[in-house]
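Me: I am new to this structure. Please walk me through it in short steps.

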Amino acid sequence: MELLNCELPPLQKLRSGKVREVFDLSVIGLSDQLLLVATDRISAFDSILPNAIPGKGTVLNQLSTFWFKKLSFIPNHLIETDITKYPAALMSYHEILQGRSMIVKKTEPLPLECVVRGYLAGSGWQEYQSQGTLSGMPLPEGLQQAERLDTPYFTPSTKAEEGHDEPMTWEECQQLLGKEMAEHVRTMSIALYKAGSRLALEQGIIIADTKFEFGILDDQVILIDECMTPDSSRFWPKDQYAIGGNPPSFDKQFVRDYLETSDWNKLPPAPVLPADIIAKTAQKYQEAFDRLVLY
Ligand SMILES: Nc1ncnc2c1ncn2[C@@H]1O[C@H](COP(=O)(O)OP(=O)(O)O)[C@@H](O)[C@H]1O
Ligand SMILES: [Mg+2]
């Protein structure tokens, strides 16, 4: 079943993000829990496209679940993904929720995106080219596009409600969170990236960079949102990796290539994708899942 939007009355929808719908479970007596539903929406160039990518929500939800379990040395928000163990009040929604939802601990999200980069790509590459730095930290000269960094770098950014997230320096991050909290989220982010990217590499996927979110629950900081999916990360197929260019993205390359060659001006609304682009993209999401989870 394909899902673009969803309402689950009487649950209150707290937020509709680019991909996920977030429901509060207070009305069914679980005021400390949320229900996250991953839709099949896809975004590119900061616009949500009108098409669904069939199966995408399920892949994202199950990949995050996989990582939350594998990387549980850092506490995370996962409570339940098995719908047969969901509260009875959600029973009538089983068909929608099956495979694409999780019940999580409700937290107070920290106001930043904890980006970790193991390779020089995207906005990191752009900053390096113009200033020789990454998040304001100097890097060695002569690095090439897509080159592996000597160590993973923590390059946090703001969490913009609309449009682009802005990079912040380590000093700005410390001002925002306080020194101790900033160091804590940096340490956790790098540890998660190191463990996850090592595992992915064994399955032929380079996770060039990724973004984590953390939330506060009581006096603990826990990992929330999604974890190392193709949506929150740059996945590159290892067998096509080369420096000095922009390696093809594992998942959204067909979509981006198509949109780049269409006459769309990158302002909303985005155009409808052709059926073959949708099918190829769905297949890539599935392949990422198969390689990481089913090996
Ligand atoms: N455990 C949690 N507690 C509170 N908020 C959460 C939790 N997990 C995820 N969220 C929030 O839910 C939203 C998920 O929707 P998503 O589609 O990923 O949004 P976005 O467009 O901001 O990426 C995000 O705003 C995220 O911060
Ligand atoms: Mg998100």
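**Contacts, core, domains and ligand**

Reply: Leaving aside neighbours within four places in sequence, Leu35 is in contact with Leu11, Phe23, Leu25, Ser101 and Ile103. Contact means that two C-beta atoms, placed from the backbone, lie within 7 Å. This is a predicted model: local features need pLDDT of at least 70, side-chain atom pairs count only at pLDDT 80 or more, and totals for chains, interfaces and linings use all residues. Residues are numbered from 1 along each chain as its sequence is written, while chains are lettered from A and ligands numbered from 1 in the order in which they are written.

Me: Which residues touch the most other members of the largest nonpolar core?

Reply: A nonpolar core is a set of buried Ala, Val, Leu, Ile, Met, Phe, Trp, Tyr and Cys residues joined through C-beta atoms within 7 Å. Buried means 20 or more other C-beta atoms within 10 Å of a residue's own, with C-beta atoms placed from the backbone. The largest such core has 70 residues, and those touching the most other members are Leu35, Ile205 and Ala288.

Me: Why does this core lie between domain 1 and domain 2?

Reply: Domain bounds come from an automatic or database domain assignment. That assignment gives domain 1 (12-106) and domain 2 (109-251). The core lies between them because residues come to it from both domain 1 and domain 2.

Me: Which element gives the most to the side of domain 1 that touches domain 2?

Reply: The centres of the two domains, taken over C-alpha atoms, are 23 Å apart. Their contact takes 15 residues from domain 1 and 19 residues from domain 2. Helices (H or I, at least four residues) and strands (E, at least two) are DSSP runs, numbered from the N terminus. With six residues, the element that gives the most on the domain 1 side is helix 1.

Me: Which residues come nearest to ligand 1?

Reply: A residue is near a molecule if its C-beta atom, placed from the backbone, lies within 6 Å of it. Around ligand 1 there are 17 residues. Both domains give residues to this shell, so ligand 1 lies between them. Coming nearest are Gly17, Lys18, Arg20, His77 and Ile224.

Me: Which elements give two or more residues to the shell around ligand 1?

Reply: The protein has seven helices and 16 strands. Those that give two or more residues to the shell are strand 2 (20-24), strand 7 (101-105) and strand 14 (205-217).

Me: What share of the 295 residues is buried?

Reply: The C-alpha trace spans about 60 × 50 × 40 Å along its principal axes. Of the 295 residues, the buried share is 39%.

Definitions and conventions: Buried ≥ 20, exposed ≤ 12 C-beta atoms within 10 Å, placed from the backbone.
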